[in-house]
Amino acid sequence: MIFKVKKSKKYRPLVTVIIFMLLLIPPHFLSSQPQIRWHKEYEELRHQALLYARSSGVRGDSETIKMAYDYSVRFWMRWPVVVRWIQAESSFIPSATSKVNAKGLTQVMTSTASYIGEVLLYSGSVGLTIEEEEKLSEMDYNLYKVEDNLLLGFSYLKFLSMFSRNPEEALARYLAGKRWVDFIDSRYVRSISDGKPITLDAAL
């Protein structure tokens, strides 16, 4: 005797529902168009940021300026303040070195870079990635490398802006460390600060 096994029908309603739901999904969700459109819109923002920097007298390399804009977006820092800050520090020249041996775009000193790394790692408040935390803990960075310098400079100024009473104090602390009180009314601080917060309340 041959027994015929009947196919189960209990899964048919579920399959029908899944197929129906797939048919309801808009086609653009199944393609890469939203991602492409987002990239185009962000590139336009970067271009506008570059134009703003140029109108403010910045003559540095375009890609370096755009990369600085990327970090300003990531750390929620106002672009006009960033432009004035880096222009005052290095004129957007990655190879810039001061008389006291501060290096790179954001003029970080070798002697204080490790201290900055320790502060950022200890606080855990600026949102570094695991890879970036490892870079700081191992002091595996080059202050003349654009990405490394921007990471240290931006994350440290963001940290200072979070724990200072006003933007002038944060900028003075960035410039002079423990001697910041003597520099709160300096030309450096006045040239960068507009009296408004350095950071934004929300991402761009």
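**Entry 1: Glu169 and its partner**

I started with Glu169, which counts as buried at 4% relative accessibility. This is a predicted model, so I read every value here as computed. Which residue does Glu169 meet in a salt bridge? I found Arg173, with 2.9 Å from N to O. Both residues sit in helix H8 (residues 167-176), 4 residues apart, or about one helical turn. Arg173 is partly exposed, its relative accessible area being 27%.

**Entry 2: Glu63 and Lys66**

Next I looked at helix H3 (residues 62-74), where Glu63 and Lys66 lie 3 residues apart, again about one turn of the helix. They form a salt bridge, and their closest N and O atoms are 4.0 Å apart. Is Lys66 buried or exposed? Lys66 counts as buried because its relative accessibility is 13%, under the 20% cut-off. Glu63 is partly exposed at 46% relative accessible area.

**Entry 3: Arg84 and Asp194**

I then turned to Arg84, which forms a salt bridge with Asp194, with 3.3 Å between the closest N and O atoms. This pair links distant parts of the chain, 110 residues apart. Arg84 belongs to helix H4 (residues 79-90), and Asp194 to the segment after helix H9 (187-192). I noted Arg84 as partly exposed at 25% relative accessibility, and Asp194 as partly exposed at 34%.

**Entry 4: a network, and the count**

Which residues are linked in a network of salt bridges? I noted Glu43, Arg46 and Asp70.

Note on methods:
Residues numbered from 1 in each chain as written. Predicted model: local features only at pLDDT ≥ 70, side-chain atom pairs only at ≥ 80, totals over all residues. Heavy atoms only, no water. Salt bridge = Lys/Arg side-chain N within 4 Å of Asp/Glu carboxyl O. Helix = DSSP H or I, 4+ residues; strand = E, 2+ residues; numbered from the N terminus. Buried < 20%, exposed > 50% of the residue type's maximum accessible area, 1.4 Å probe, protein only.
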